[in-house]
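Please look through the sequence and the structure shown below before reading on.

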Amino acid sequence: MSYKYYPITGIKDGWGPNGKVPVRRDFDEWSMSSDPTDKTQFILYLLALKRLQAVDPANRDSYFQIAGIHGYPYVPWDEPSTTQKEIGRKGYCVHANALFPPWHRPYMLLYEQRLYEIMVNEIIPKYPAYKDKYLEAARTWRLPYWDWAKNPRIPQMARYAKVKISFGGEPKFELENPLYQFRMPNDKKMKVYGVGSIVNPDGGKPLDYGECIVTSRCPEEKELEGDAWVNGVVHDDKADLMMSEHSSITDMSYGSAAELVYRLMTYPMDFAHFATLARDETAASATATTSDITNDINMEFIHNNIHYWVGGNGGHMSQIPVATFDPTFWLHHCNIDRLFAIWQAMNPDKWFETDIQRYFDQKIVGSGTVITNKTPLRPFHKDTEGTVWTPDDARDWFQLGYTYPELLTGKETRLQLMQMVNENYGISREEGLWLANNSAALPPGMESIAESDNVKKGVKMYDYALSIKYSKFALGGSPFNIEVYLQPKDGEKNFRIEDFVTNVFNFSQTPENDDGVEVCSNCKDGQDSNVQVSAYIPVTSYLLKMFQQKQLTSLEPLVVEEVLSRMYWRVVGINGQPIDEEKWKDTMGLKIDVSQTQMSYSPDPAKLPTFDPPTKIPTLGTGSDDPPVPPGVDGNNINVGKINKLLKEVTAGGSIVFTSPSMNLRKPAGDYGTGLALLNWDPSSKADPLDTENYDILLSIVIKSKRESVQLNHKFAGKGYNVIDEFKPSSWFSESPKIRVDIKEDKFEVYIDGRNVRSYNRAIKKGVTHVHYYSTPSRAEPVMAREITANTYQSTANVS
């Protein structure tokens with residue numbers, strides 16, 4: 001008998017005419033509803049989830065096995081030909097590339113479908129007298145979502161250890177709430193089925209999730225072992241506090257994530273920037289009109305913080321390999337799918353064709369170095385024959401049998417959706433408009449704007465945000481928090497909770513477990529490659545709160561700059577304890593920038609905010625790593641993976657000096673290369689400017705770290721490369737290297753850290769208009785920093 005794959009099709013029942021599909025509802029609104037059908041659906045949901053959690057963990061279709069797709073116990077799921085050796089210690093979950101949103105869509109669909117199957121095949125048949133009524137309710141049920149940005153507390157009906165229900169004409173009975181915690185069937189410890197430990201980043205005892213019978217949320221440090229750890233603890237009040245750290249100056253209830261969602265939905269960006277926190281720029285995104293600062297906002301970073309706020313220090317939700325065992329995971333990720341769908345509806349033409357399989361996402365068995373919109377989303381199958389899902393299959397949620405309250409028809413306009421976003425998530429907008437229309441005098445840095453078609457005033461105000469970049473694997477891949485505080489004007493740096501500004505959670509997993517077995521194969525490579533990620537956090541609302549409390553007199557840059565100069569920060573481990581700076585200062589690569597712009601908000605909720613591209617305040621944060629540019633010299637930022645246009649063309653007699661703040665001096669395992677190609681673009685050309693094949697490559701410099709050699713070459717547009725000139729410099733690069741190229745009439749002179757290392761024939765006598773900074777293969781990290789500078793000199797005599 002041939003193997004039958006689990007067919008993830010979405011629920012096919014409950015569809016209406018003209019493609020109308022049932023709605024995934026807000027959890028609190030739906031679960032607390034007095035509507036009889038909603039009540040029936042909610043009880044069916046609880047009973048089905050309770051039954052799913054009770055299925056033998058060895059069963060493919062059990063709660064334990066479905067949760068295990070994400071990480072532990074690292075076994076093949078619905079892939080009979082995949083061996084345990086092939087899986088190794090890898091999970092299937094996808095993070096840190098453009099697959100992050102589409103991969104989780106069929107995952108949510110699988111969970112939803114299993115619950116529905118249990119409702120109609122196992123629960124409802126027990127109540128024959130109510131069969132028709134219950135089936136009618138079940139057919140229009142869909143998985144609920146938890147909008148943690150609008151409702152920043154653990155959902156009400158997930159807060160009770162037990163609930164009393166009445167169903168099928170039977171007397172009311174008490175049910176252990178399956179939304180509160182997941183309990184292993186037969187009270188067996190998770191280690192019986194392969195769940196193990198996760199390394200403690202502080203070098204203490206590993207966090208032994210295999211000992212757990214029940215999941216935990218926000219445990220205290222003393223509860224990370226013993227009976228409390230085995231039987232699980234829940235401190236939802238702690239999670240609530242982290243999700244709503246700052247109250248609003250208006251009556252609008254909001255969580256720490258609300259303004260993040262607002263910026264995510266209103267900033268212009270391409271799909272890759274929306275989807276993932278990784279910042280490997282592709283040639284296609286090199287021409288994006290968004291600024292570097294606004295590109296630091298992304299859905300994956302917001303998603304990561306929710307995992308930490310809910311799980312706390314050591315709770316299951318805060319650890320990639322075990323996060324899915326907490327029932328709140330599914331409510332959280334259903335909301336991630338909702339935000340994904342709303343963004344898609346607002347940006348219907350934005351999708352992706354290619355991206356990179358980056359070092360710090362979890363490798364999927366058999367995946368290549370490049371992913372596409374046709375990449376298999378393993379281990380999810382569309383039919384019993386084993387046809388694997390692809391991102392394109394997951395693009396249209398209507399075809400999968402569900403939608404969301406904001407997207408009832410699928411024909412909602414961008415203006416309609418913008419109104420919803422403004423009214424639900426625009427915290428800074430709401431606060432600014434409230435002040436503009438209710439204050440006798442606005443603080444400096446804010447001004448009201450009269451609109452002829454609206455009795456209410458708009459507002460123009462300075463806006464500030466933090467951009468935080470760091471190494472994903474600074475602590476060997478272990479999760480950690482970067483916490484930012486504001487020192488009181490006349491106080492000390494005591495890390496008081498009242499001085500807390502914001503945090504960034506590094507949702508990762510350690511490359512090795514406590515007995516040295518590799519847990520995430522890609523994480524080890526990522527650690528070696530010093531992968532950098534980014535987060536973007538608006539702080540204007542925090543500043544407005546300071547103004548209300550008379551701790552700030554103005555939003556103008558000079559005043560705010562003085563206040564934010566008192567910022568300080570620390571890195572905290574998953575156990576909640578600060579990590580000594582000596583343990584991370586050389587590996588973290590921590591860079592905190594503060595940016596400013598002016599935002600204009602209309603009282604009309606259908607209108608987008610307008611703003612100029614934000615600019616960095618160089619005196620704040622960790623400070624600029626960019627070397628100063630001498631007078632009369634043009635400074636250019638050169639980003640990896642991009643064709644970077646120079647401010648001015650450099651011709652014979654001029655020079656280009658590339659400077660990197662760092663250099664990876666370790667020899668890589670593979671024969672990787674880091675390249676700088678000096679290009680010339682013909683402005684009359686009709687060819688694709690995003691393809692380097694259409695440029696003359698005047699000089700290509702490729703650093704081959706494993707061999708400690710440098711390769712020089714050139715090629716005409718559309719032609720092949722010349723013979724490679726490869727040589728070994730007498731001394732290798734420094735930790736902060738400089739590569740200088742002098743352009744002579746008939747040759748290039750190449751210098752490394754001040755030493756003239758090679759002359760190369762200048763066969764193509766044209767000026768340098770662009771620089772292509774790249775890695776080979778494309779998935780490899782460059783040995784220099786991801787962003788370097790190129791100072792261009794029109795005269796070599798001016799090079800210092």
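This is a predicted model: local features need pLDDT of at least 70, side-chain atom pairs count only at pLDDT 80 or more; totals for chains, interfaces and linings use all residues.

Residues are numbered from 1 along each chain as its sequence is written, and side-chain values use heavy atoms, with hydrogens and water left out.

**The chain as a whole**

- The secondary structure of the chain comes to 17 helices and 27 strands, where helices (H or I, at least four residues) and strands (E, at least two) are DSSP runs numbered from the N terminus.
- Buried residues make up 59% of the 800 residues in the chain; buried means under 20% relative accessible area, exposed means over 50%, and partly exposed lies in between, with a 1.4 Å probe and protein chains only.
- Of the contacts in the chain with a separation of 6 or more, 70% are between residues 24 or more positions apart, a contact being heavy atoms within 4.5 Å.

**Two open sheets**

- Strands of a sheet pair through backbone hydrogen bonds, either parallel or antiparallel.
- Strand 17 is joined to strand 26 (residues 768–776) by 5 bridges in the antiparallel sense, and lysine 642 stands opposite tyrosine 773 in strand 26.
- Another open sheet of 6 strands, also paired antiparallel, has the order 16-27-18-23-24-25, and its edge strands, strand 16 (634–639) and strand 25 (755–761), each pair on one side only.
- In that sheet, strand 18 (residues 655–659) and strand 27 (residues 787–793) pair over 5 bridges, with phenylalanine 658 opposite alanine 790 in strand 27.

**A pair of helices**

- The axes of helix 11 (residues 299–311) and helix 12 (residues 328–346) come within 11 Å and cross at roughly 160°.
- That angle makes helix 11 roughly antiparallel to helix 12, because angles over 145 degrees count as roughly antiparallel, under 35 as roughly parallel, 65 to 115 as roughly perpendicular and the rest as oblique.
- Helix 11 contributes Met299, His303, Ile306, His307 and Val310 to the contact, and helix 12 contributes residues including Phe329, Ile336 and Phe340.

**Two single residues**

- Threonine 540 lies in helix 16 (residues 540–548) and is buried, with a relative accessible area of 0%.
- Apart from neighbours within four places in sequence, threonine 540 is in contact with Arg263, Ser428, Met461, Tyr462, Asp463 and Tyr464.
- Threonine 540 and tyrosine 462 are 78 residues apart in sequence and 8.0 Å apart in space, C-alpha to C-alpha.
- Glutamate 581 is found in the loop between strand 12 (567–573) and strand 13 (591–601), and its relative accessibility of 46% counts as partly exposed.
- Glutamate 581 and arginine 570 are 11 residues apart in sequence and 7.8 Å apart in space, C-alpha to C-alpha.

Notes: Two strands pair if DSSP finds at least two bridges between them. Axes are lines fitted to C-alpha atoms, for helices over the stretch in contact, and angles run from 0 to 180 degrees between N-to-C directions.
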